[in-house]
Each structure stands twice: as C-alpha cells, then as structure tokens.
Amino acid sequence: MNSLEESSTNIFSLDNVCFTIEDKIILHEINVEIGSNGITGIIGPSGSGKSTLLRLLNKLISPCKGIVRFKGKDIAEIDSHELRKEIGMVLQRPFLFKGTVKYNLLYGPKIWKIDYTDEGLYKLLDTVGLEDDFLERNVDGLSGGEQQRVSLARSLANNPIVLLLDEPTTALDIVSEEIIESTLKRLATKGIKIIIVTHSLEQTKRLTDQLLFLKEGRLIEKTTSKEFFKRYNDKEIHTFFKNKESK
Amino acid sequence: MVSQILIDIWESLKLPNIWIRIALSFVLLILLIGISIWQKTKLESKLIFSFLRGTIQVVLFGSILGLIFGVQKLWLLYIILFLMCLFAAFTNARSYPYPRMFLIGFFAITSSSIIIMTLVMFSFIIPGFEGIIPLDPVTLKLTGEYVIPIGSMVIAFAMRVSGIAVERVKSDIIKSKGSIEAALALGDSPYRAIQHILCESYRAGLTPTINRVASLGIVTIPGLMAGMIIGGVPPVEAAIYQVVIFLMLLSSSFITSIITNVMFTRQFFTKKQQFNIDFLNRMVKSEDQKFGVLLKESWIKWREKRKRKKNDEKTPK
C-alpha cells in the first residue's frame, strides 16, 4: 500500500510524537499512520508505551513533542469533548459508574443528548452478548466479564467511529474473552475502526488485521498481522518480547 | 495602645482577689509538683515553666482582647476579621501542604466569612429589628465585643471544613482516577466527572455540624448560649441566637468548601480536559507519604508493644 492510499484510509497520523513523564521518555519520535479498516493491534512488552500511545489518540494525554492528527486535523486544535464522542475508549478495567447498567449505557448519550429507547439499549446489550434483563441490573452484581461487556456497550452508545481498547480482556475468563473478540470482529465489519492494545500474541493472531510493534517506546514495526506471523515464528516473537536489545 | 494594655494590667493587679486566685493556683501547682516528684515523672521544671508562660500569655491576650472588644470602628473590625482569615489560611496551608493551598484557603475563607459576617452585621437595617449582632446601646455602633467572637467562630468553622473538604476530595480523586478517566473518555467534563466526589466531600465536611444542630439542647449545650443565659439573657432569646449562629456557621462552611473544592480540583485537570499528570503524581506521592507515616507509626507502636511484652515476661513475678 502506498503512502497516498494509506493517508486516505488511516484515521490517525502521528508525526514525530514524543511523550515523557518526569524526565522519563515513554515514547520516542513515533511516526506512523494508524486506524485503517479492520482491527489494528498495538503489541509489545510491558512498559513499551502501548497504552500511552493509545491514550494519545483520544487526547487523554497530549504529546510533549510532535503532532497527532485525526482525520487530517491536529487533535490539539480539536475540542477534547467533541473528539471523544467520535473516539470511544474501553479501559483495561471496566470502571463502571455506581448504579444500573441502564445508567451506565445512558451516561454518554445524556452528555450528547442522544435519545435512546429501551429497544435501542437492548440492541446495544445484544451487540455485546448480554440479555435484555441486564438493563435494570445493578453493576455491582455483575461478573468481571459482564462488567467489561457493559463498558464496551457504554462506549458504543456514543456511536463512535473509532474504538480504542486497552487490554480489555486481560482479567477475563476464556468465555468472556471469546465473546468480546467476536463482538469486536462484528463491529469491525460494520465499519468501526478498532485499535486494540494487547500483550497476548494469540489474541493478536486471532483478532488483528494490522499491527504496530512497540519496544522501549520506539515503533519497531508496522505491518499486517499475516505478514508479521509469517515472517517470524513464535520463538522469535517471544525473543522480541524478552530481549531488550532485539530491534 | 501598648501603654493602655500595661495600665490595665497594673490596675487589675491592684485587686486583692487576683492575688488570692494566684496564691490558690500556686497551691495547686505545688501540689502538682509534689505528685510529680512522688511519681518520678520529672515534669517539675516543665510544669513551672508552662504555668508561668501560660499565665503571662493569657493575661496579655485577655488585655488585648479587651481592647479589641472595645473597637467600634467598622474598618478596624473588618481589618481584624481579615487578619484572622489570613491566619486561618496560613494554619490550613500548614496542615494541608498542597500547591496553592494558602491562596485557595485565604480566598475561600475570606470571601465566605466576610460575606456572611457582612450580612449579619448589617441585619439591623431591617425595620424594627435590632440586628443579629446587637449594636452598642449608647453609640448605636457595632462593637468588637460581638463581631470578633462571632467572626472567630465563623472563620474557625470555615477553616476546618475547607481542610476536611480538600483532604477528602484529594483522596477520592486519587482512588477514583479510573472511573473519572472513563467519564472523560465518554466526553464528560472534568467538573461533571468528579461531581459525586465533590458532593461526598461537602457531606463529610458539613455532617458533623448538622448533627450538632440536630442534637442541640439534648446532647450539646453550646457555650455561647449557656454564657448568654448565665449573663441574664432570656433562654428563648439565647436559644434562637444560637440557632442563628449555627446557620451562619453552616452557610460559611458550605460556601468555603465549595470555593476551596472548585479551586483545588481545577489543578487536577488541564484545559484539554485531561488529568494534569504532574499534579496528580504529586498528590499521589503525598497520599503515599501519609500512608507511609501511618505505617511507620503503627510499626513503632507494634515494636513498643512487643518490647513491653518482652520486658513483662523477663520481670520475675
């Protein structure tokens, strides 16, 4: 894919992006275009800057240097409030608000004055594989997997065009993980651009179409998942994750 | 002013009752020293020093208070209240050493206390009403005798509640960082994302005073009301006066905690509706330090307890 085609399909572009906290460099001069159709995975060992990169995309943090562009526009010039309507985010833990599932699902729509009937909310629950009777249930009584699915549905309630996910299945059982993965695949076919941070190579294989490989805050590789897993065997990939100097 | 204070002190010292009281205090002091020697507490010199220092301080303070109570100039009364607010903010900033705490405390305590005190001081303009704070019967002016003690109560309450509010809000924001970020990620504003935390902090600050109001006359008999009744004011009048005072305290405390919280929590976020990572990290560190101090204290206590237990075991019965 040439660069012209890439810029027309990729929704984010990062130019020379750096991020530091208390003099510690988390991201080094990242130049990349992200968010073409399908699911993009961001992988790398712990502390490689994956989550930081994801948080830069919906302006939960701002780069110390460089520009992040969303649909060609510098996000520093886009109102954070407006930007976050179009870019949904699911964090590693669900962080549901106290109350019912309905309260959580309507949290975003109330901000944006989006009207939802109960039917619409049932559809949202159905998208994440939850039954209608969940709507009036208190979030305290839900399992970890159910809570994370409610968190996913809560992000979808704003009708985002991009969905960012930060290791959403880390603390979940296999069944919940499968449900969330199949939901994400379905959403991707509907045209929602999905960018997921994961540390699981198996999940990357199963789920992603493209991937970014980060290490020690540097972008090591951007390629398609097929190509990545064809080029390197599991042993080599594990070495990438372990050895500090393997670039 | 100083010479007046000294003259007053000198005049008071001429009264025989004062010397009898001082002599009786000395008898008690000697008794205390005797007990201290008997119990081998080695507190004798400390007792004598504290007694002498305390006596001099309280005599000077009482004399100055006498002068302040006599003040009838409105601008001077405001300056005294202003200085009290300044010291309250300073005390708060020392107890809660967070960025801009002095300025925040000073602005919050001063604005709320001065607003409430002004409303109270000028309530006499209501036709046929003598005012919440009575005027001097001769000069028909406000006097320090009422304005300063009531002002000190209002300021002290505001100071305490604003401290509680800040501490609570800081801990809750750190604890709820994840859900606040989840709300921001959905497009919410920082203020709305922490609104429930602010509400909880107001409740924490105001509930003890509300409970005190609810138990008035049954559990608590406030000093002001008791003093007024002893001074000959009819009980109903004194009681109503006390209720008004409590409402003043609650209002100023509430306004102070709102101003403090709004100004303090703004520092947690940037204009881009993100967490201010530097500020957040500083607050997390201060919370960790607080935890560290608690941990250290419990460790010391545990060690002392263990040591005592060992000594007890060694001591032959």
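Helices here are DSSP runs (H or I) of at least four residues, numbered from the N terminus. The model shown in these views is predicted.

**View 1. A nonpolar patch lies on the surface of chain B.** Trp75(B), Ile79(B), Leu83(B), Phe87(B), Phe90(B), Phe102(B) and Leu103(B) make up the patch. Together these residues have about 740 Å² of accessible area. Two helices of chain B, α4 (74–95) and α5 (101–121), each supply at least two residues of the patch. Helix α4(B) gives the most, with five residues. Leu103(B) is located in helix α5 of chain B.

**View 2. Chain B and chain A meet in a contact with 19 residues from chain B and 23 residues from chain A.** The two chains bury about 1800 Å² between them. Of this buried area, 55% is on carbon and sulfur atoms. Nine residue pairs are in polar contact between chain B and chain A, counting pairs with both residues at pLDDT 80 or more. On the side of chain B that touches chain A, at least two residues come from each of the helices α7 (177–185), α8 (190–193) and α12 (277–314). The largest share of that side, seven residues, is from α7(B). Sorted by class, the side of chain B that touches chain A holds eight nonpolar, six polar and five charged residues.

**View 3. Arg55(A) and Glu181(B) form a salt bridge between the chains.** Side chains of opposite charge can pair when their charged atoms come close. In the pair of Arg55(A) and Glu181(B), the closest N and O atoms are 2.8 Å apart. The rule finds two salt bridges across the interface of chain B and chain A.

**View 4. Arg69(A) and Asp15(A) form a salt bridge within chain A.** The N to O distance between these side chains is 2.3 Å. The pair links distant parts of the chain, as Arg69(A) and Asp15(A) are 54 residues apart. Arg69(A) belongs to strand β4 (residues 65–70) of chain A, and Asp15(A) belongs to strand β1 (residues 12–21) of chain A. Over all chains, a search of the whole structure finds 17 salt bridges.

Key: Residues are numbered from 1 along each chain as its sequence is written. Chains are lettered from A and ligands numbered from 1 in the order in which they are written. This is a predicted model: local features need pLDDT of at least 70, side-chain atom pairs count only at pLDDT 80 or more; totals for chains, interfaces and linings use all residues. Side-chain values use heavy atoms; hydrogens and water are left out. Contact means heavy atoms within 4.5 Å. Buried area is the accessible area (1.4 Å probe) that two parts lose on being put together, summed over both. A salt bridge is a side-chain nitrogen of Lys or Arg within 4 Å of a carboxyl oxygen of Asp or Glu. A polar contact is a pair of N or O atoms within 3.5 Å; within protein, one must be able to donate a hydrogen and the other to accept it, and residues adjacent in sequence count only if both atoms are side-chain atoms. Ala, Val, Leu, Ile, Met, Phe, Trp, Tyr, Cys and Pro count as nonpolar, Asp, Glu, Lys and Arg as charged, and the others, Gly among them, as polar. Patches are made of residues with over 30% relative accessible area and no salt bridge: like charges are joined within 9 Å, nonpolar side chains (Val, Leu, Ile, Met, Phe, Trp, Tyr) within 5 Å. Accessible areas come from the Shrake-Rupley method with a 1.4 Å probe; for residues, only the protein chains shown count as cover.
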